[in-house]
Amino acid sequence: MDIKELYKLYQQHPCITTDSRNCPEGSIFLALKGASFNGNDYAIAALEKGCSYAIVDEKRIPDNIEHLGKPDILEKLVLVDDCLQTYKDLAREHRRQFDLPVIGITGTNGKTTTKELIRAVLSECYNVMATEGNFNNDVGVPKTLFRLNEEHDIAVVEMGASHPGDIKTLVETVEPSCGLITNVGRAHLLGFGSFEGVCKTKGELYDYLISHDCPLFINRDNEHLMKMVNGHHPDIYYYGQSDNPDILIRGEVVSCAPFLKFRWREQDMDTDYQSEWMEVQTHLIGAYNLDNILAAITLGYVNNIPFEQINHAIANYIPQNNRSQMTVTEHNHLIVDAYNANPTSMKAALDNFKLMEVSPKMAIIGKMGELGDVEQEEHQKVVDMLAAAHFDKVWLVGDEYKKANCQMLKANCQLFHDVEEVKAAIAQEQPQGYYILIKGSNSNKLFELPALL
């Protein structure tokens, strides 16, 4: 079968499952492969559990299928060259059934928060389909696209990358009608090879949009993004915090005590027009989130969301999933940013915590992964930033920090092998009365700490 024939099959059975433990009656099982599993091994079982068809790229047929009295089950196996590619091709075919704006988002940091802010703003006036959680890879993106239905007015699709070419593959599946890159930073260097590799891969979103004459939304103050687009596109909406005359939506930080308060306005320097400043109090921690907010405001503005409703959406957005969250416990105020960590996001978090007008301050900082040859250098930079910040207490989690020179941190610093050692220290020392920044990669499991603090 070609993709159009397969899609007709999907229309007759509009539910695809990739988990043989979850086989709704009449669904289609698609046999994906992973590091420790091969979905082809479970295709027959999926059919026996109620799937109408199974798409496979290897036929794993039991020798005794005839003796089992189920030879007709073989007619329900659909053989393709590559199940993952077929999944993406089917998802693209499904996306093409809907004539609606599709906003593509990628970036090193902030893409999930930006996606959620855009969803919040656009939901003021539209029925929005957006990526759930972090389903932003070559399996999660097709899963997201299959959620599109006739009731949706607009889609917001997040795309992640850890290797060269990842975004090119995803944009060819999503076929966005506009998009933005939040930023580019030194992350996944083990996969990308260099910062230049990060820029090239993230820039594949720009490449697609420019080649299809689609609009871009760009942070005018980000020199890396400006260099990537190189000014060769007529359809760009700029946002930022500077007084650059190209900027359409401009914002400024008012305070971070500890939640971000900002103000913004629309401007058009060609006509000398500037709207009145509008001030918004958010539930977000971190001045670095202003760029994410301005991106959402700009998308809202271009999609004709009234200013009052934009402000309402931003003011009422509450972050989740360990991203820029403030949690007040019986003993401490916790700033939890424990989902992801790389040199760029770590610097932003530490700079912001340093500027917060609160005390006393404690930082529990986890290691950063996938840094390759610059691992020791980047962890030393974190130690140096912490030394310059003069926090009241610093706990460093991960053996990478034991290789760093921590002498400048002196007596207020403790080193831990892993989160279990941190838990033991919390039980013994019972920190109280602190504002505590918890920052680290998800693999550190620092998200287990708030319940103990």
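Before anything else, a term I need: contact means heavy atoms within 4.5 Å. Helices (H or I, at least four residues) and strands (E, at least two) are DSSP runs, numbered from the N terminus. This is a predicted model, where local features need pLDDT of at least 70, side-chain atom pairs count only at pLDDT 80 or more, and totals for chains, interfaces and linings use all residues. Residues are numbered from 1 along each chain as its sequence is written, and side-chain values use heavy atoms, with hydrogens and water left out.

**Entry 1: the four-stranded sheet**

I looked up an open sheet of four strands, ordered β1-β2-β3-β4 with parallel pairing. Two strands pair if DSSP finds at least two bridges between them. At the edges I find β1 (16-17) and β4 (77-79), each pairing on one side only. Three bridges link β3 (residues 53-56) with β4 in the parallel sense, and I noted A54 with its bridge partner L77 in β4.

Helix α3 (residues 83-95) lies across β1, β2 (28-30) and β3, and runs at about 120° to β3. For such angles, axes are lines fitted to C-alpha atoms, for helices over the stretch in contact, and angles run from 0 to 180 degrees between N-to-C directions.

**Entry 2: α6 and its two partners**

Next I followed α3 to α6: these helices pack at an angle of about 40° with axes 7 Å apart. α3 and α6 are therefore oblique to each other. The cut-offs I use: under 35 degrees is roughly parallel, over 145 roughly antiparallel, 65 to 115 roughly perpendicular, and the rest oblique. On the α3 side I see K88, A91, R92 and R95, which meet T169, E172, T173 and V174 in α6. That contact divides into two nonpolar, two polar and four charged residues. My classes are Ala, Val, Leu, Ile, Met, Phe, Trp, Tyr, Cys and Pro as nonpolar, Asp, Glu, Lys and Arg as charged, and the others, Gly among them, as polar.

α6 (residues 166-174) also meets α9 (residues 204-211), with axes that come within 8 Å and cross at roughly 40°. D166, I167, K168 and V171 in α6 touch E204, L205 and Y208 in α9. By class I get four nonpolar, no polar and three charged residues for the contact of α6 with α9.

**Entry 3: what is buried**

How many of the eight residues of helix α8 (residues 195-202) are buried? Six are, and the helix is mostly covered. Buried means under 20% relative accessible area, exposed over 50%, partly exposed in between (1.4 Å probe, protein chains only). I wrote down F195, G197, V198, C199, T201 and K202 as buried in α8. They pack against several elements, including β5 (102-106), α6 and α9.

I also checked K115 in helix α4 (residues 111-122). K115 is buried, at a relative accessible area of 0%. Its contacts, not counting residues up to four places away in sequence, include I105, E132 and E158.

**Entry 4: the six-stranded sheet**

Last, I traced an open sheet of six strands in the order β15-β16-β20-β17-β18-β19, with mixed pairing. Its edge strands are β15 (325-328) and β19 (413-416), each pairing on one side only. The twist averages 15° from one strand to the next. Five bridges join β16 (residues 333-337) to β20 (residues 435-439), and the two run parallel; H333 has Y435 as its bridge partner in β20. Helix α13 (residues 343-355) packs on this sheet, touching β16, β17 (361-366) and β20, and its direction makes about 175° with that of β20.
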